[in-house]
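Have the sequence and the 3D view open as you read.

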Amino acid sequence: MIRKKVCLLGSYAVGKTSLVRRFVYSEFSDRYHTTVGVKVDKKELVVNGHELHLVLWDLYGEDRWQEVRASYLRGAAGALVVVDATRLETLEVARGLSERLRAGDANAKVHLVLNKIDLEGEFAVPLDEWRARLDWAPVHLASAKTGSGVEEAFAALGQDLLAGRP
Amino acid sequence: MRDPEDTGAGSVGGDSSGYGNAEERKWNRLRELLLSEEEQRLTRLEQDPPKVEGLASVLPEAVRHSEKQTEELANALRPTIEQGLLRSARQNPDDLAEAIYPVLGPAIRRSIRATLQASLQSMNVALENSFSPRGVRWRMEAWRTGRPFGEVVLLNSLEYRVEQIYWIHRETGLLLQQATSDSPAASDPELVSGMLAAIGEFVRDSFQGAEEGELEQIEVSGFRVLVAQGPNSSLAALVRGVPPEQLSEDMHAALETLHRRYAEELDGFEGDVDGFAPAQRDLAGLLGEQAKERGKGGPAGRILVGVAALLLLTWLGFWWAGHRTETRRADALERLSQTPGYWVDGSAESDHWRILRDPVSTPIEAVLGPDREKLDVRFDVSEFQSLDPALRARRVAERLDLPPTVHWSWFGDTLVLSGEASEAWIAAKLPLARALPGAHAVDASALVSTERQAVETRLAALDGLMLPFGNQVAVLDPARPEIPARLAALRDLDHQVAALGGWLQVRLQSVPGREEPWERNLLSRRLEAVRSALYDAGLLCTIAEPLPLGEPGGPAAPDPMVRLELRALLPERP
């Protein structure tokens, strides 16, 4: 069995917790977000015959007043960095968080999730431009509301985390 | 430098330059013979200094050799080593701490144990003078096991249960292995270890600065999470109750063992936890529990426990008996208070009850049954008259000894009697009826006396009785059979009236026959004849004044006769 720590990163209200909710059954109370700033969940996958347990650290959303603690990123094998398709400013936060994660561990796998794609009419920029701007990591289009693309994003990250294993 | 071979050849070949030179050559020759080998070695050293590799091969031996000979080398190296250590501690404390971690733990524990032992000795002294059954039992245990008394006291004072042990990779917060008791407190160890790691980071960041603040213990409603931190991993124990300090020591010892055994795996941890599976046995060794009162004990302990149990049973017996008595008393009180005609001043706790009882109510023995004697209560009984309707009815029936022909009812507070009863009953019971509690009045107007009824009946039958005479005769003819019968009937009536305390009043009227000439004298003599006959018959009746004689030419009977008009003069009913 392989366990990997995976962080859910992104600006506030981009839908990180909703993605986790959609992906796993959350056991810990959301109150941890306001006290400790992180809520831990778990999802079990089977990737290439390996039993993979993703231990998901759902971190509070970063904004101008509150920065994600570097200690929470330590030891993360990868991260899903979430961007809100209706808010362009969430792009820069995602970029900054991705860089901080990789600064701590250059081998950390980063996957981007463009969330809220069900709100197509409210996109901040057209989808093609979103794709063009999200150029530093693999991008997954998802909607926590409808469930579209959520499983695929986590599965792709899982594949990436075990890349190179027989 | 010259070649010695060349020099030698030159010397042997002769020298014509003089004695001094010859002497010098000899000395030189001698020097060459004695020291040429060392000279050559020095020359080689100067031309080709020894390489580091060569030095490394001989240095350990040289150091060992030096240590055997003298302490000079240690003295020489000490400042350098101290400087190096200081520099390392300042510049890279993590590595140094990690390096000495395996030895640091045991050393600290040894120190703590020594301190604790000293404390226990102090506690021993403090407890020396204490004497209690528990103290005696613990002292016996200390004597039996050979442990200090204070330690036994501490052990017996603690109570805890280790339910889960998590071995957590420190950097990632991932669960490496875990051991669980039969009834684990937390459902998903992976999540718990993740949250513990997150909380640990939070504490470290928030309270103490980057490195010093370490999460050591969390308390969550009846549980304690003890955390033992190591350089690469930590152990967390979910404990129910109050764990002893020994548990923390055991956790640190186990963590050190794990660090030693899995040093490489921990350094290169990539998330694969299967390799740590054998560690489960070490973790399981930390599970367990400590009961507050140990069941084990020597014979003396068992005797003490037995005595305690006996005392407890005795106390329970007394308590149960008292409880049963109180329950019986409460039940008896309930029954008495529910029974009409009772008022009780008492309680389940008291053994002296004051009872007011209506005499016509159910007897106490009938109410309480056989429990009466088990109550262990002294009764102080007084009588009272209850106004309970049922008891009033019972009281009427009992006090008045009612004959079946008498009916009674209550009309408000008035007792209404009706029907028929003997004159004696009426005379005896009517005053009692008026004295009945709650009977403000007695209405006996519808109550008929049997004797008076009989008198009235006979009186009605005999009133207007005729005693016949012959024409022109003023003497009753005893030969006529109806005359003695009628006189006997009169006598009986007279007796009946007399029995009632009254008397019979008879008024006579002489009536001439239809064919008889009207003669006043004759009629008067006939009245006298009847009066005399009545007297002779023993009638105690009063002969009233005779009625006026009939007027001549008035109505007349077929035969001459004397008519008797009867009246019973009876006393008023009480």
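Asn48(A) counts as exposed, because it has 11 C-beta neighbours inside 10 Å. Asn48(A) isn't a glycine, yet its phi is positive, about 50°. You'll find Asn48(A) in the loop between strand S2 (38-47) and strand S3 (50-59) of chain A. Helices (H or I, at least four residues) and strands (E, at least two) are DSSP runs, numbered from the N terminus.

A word on ground rules: this is a predicted model, where local features need pLDDT of at least 70 and side-chain atom pairs count only at pLDDT 80 or more, while totals for chains, interfaces and linings use all residues. Residues are numbered from 1 along each chain as its sequence is written, and chains are lettered from A and ligands numbered from 1 in the order in which they are written.

## The strands around that loop

S2(A) and S3(A) pair in the antiparallel sense, over 10 bridges; strands pair if DSSP finds at least two bridges between them. Their hairpin has 2 residues between the strands. Across this pairing, Lys42(A) stands opposite Val55(A) of S3(A).

What does S3(A) do with strand S1 (residues 2-10) of chain A? The two pair in the parallel sense over 7 bridges, and Lys4(A) has Leu54(A) in S3(A) as its bridge partner. S3(A) is largely enclosed by the rest of the structure, because 7 of its 10 residues are buried.

## Chain A as a whole

Chain A has 6 helices and 6 strands. Reading from the N terminus, the order is β-α-α-β-β-α-β-α-β-α-β-α. Of its 166 residues, 46% are buried. Among contacts in chain A with a separation of 6 or more, 72% join residues 24 or more positions apart; a contact means C-beta atoms, placed from the backbone, within 7 Å.

## Cores and the chain contact

The largest nonpolar core has 88 residues, and those with the most contacts inside it are Val6(A), Leu8(A), Ala79(A), Leu235(B) and Ala237(B). Helix H8 (residues 189-208) of chain B gives the most to this core, with 8 residues. A nonpolar core here is a set of buried Ala, Val, Leu, Ile, Met, Phe, Trp, Tyr and Cys residues joined through C-beta atoms within 7 Å. Leaving aside residues up to four places away in sequence, Ala237(B) touches Val162(B), Ile165(B), Leu226(B), Leu247(B), Met251(B) and Leu286(B).

Where the chains meet, 22 residues come from chain A and 20 residues from chain B. H8(B) gives the most to chain B's side, with 10 residues. That side divides into 8 nonpolar, 4 polar and 8 charged residues. Here Ala, Val, Leu, Ile, Met, Phe, Trp, Tyr, Cys and Pro count as nonpolar, Asp, Glu, Lys and Arg as charged, and the others, Gly among them, as polar.

## Helix H14 of chain B

Which residues of H14(B) are buried? They are Leu391(B), Arg392(B), Arg395(B), Val396(B) and Leu400(B). Seen down the axis of H14(B), these fall within an arc of 145°, so they line one face of the helix. The arc is taken from the directions from the helix axis to the C-beta atoms. The face turned away from the buried side of H14(B) carries exposed Ala390(B), Ala397(B) and Glu398(B). Cover for the buried residues of H14(B) includes S10, strand S11 (414-421) and helix H15 (423-434) of chain B.

Asp401(B) follows H14(B), in the loop between helix H14 (389-400) and strand S10 (406-411) of chain B. Asp401(B) has a positive phi of about 45° although it is not a glycine. With 11 other C-beta atoms within 10 Å, Asp401(B) is exposed.

## Helix H17 of chain B

The buried residues of H17(B) are Leu487(B), Leu490(B), Leu493(B), Asp494(B) and Val497(B). They cover an arc of only 120° around the axis, which puts them on the same side of H17(B). On the other side of H17(B), Ala485(B), Ala488(B) and Asp492(B) are exposed. Just after H17(B), Gly501(B) takes a positive phi of about 85°.

Methods. Buried ≥ 20, exposed ≤ 12 C-beta atoms within 10 Å, placed from the backbone. Contact = placed C-beta atoms within 7 Å.
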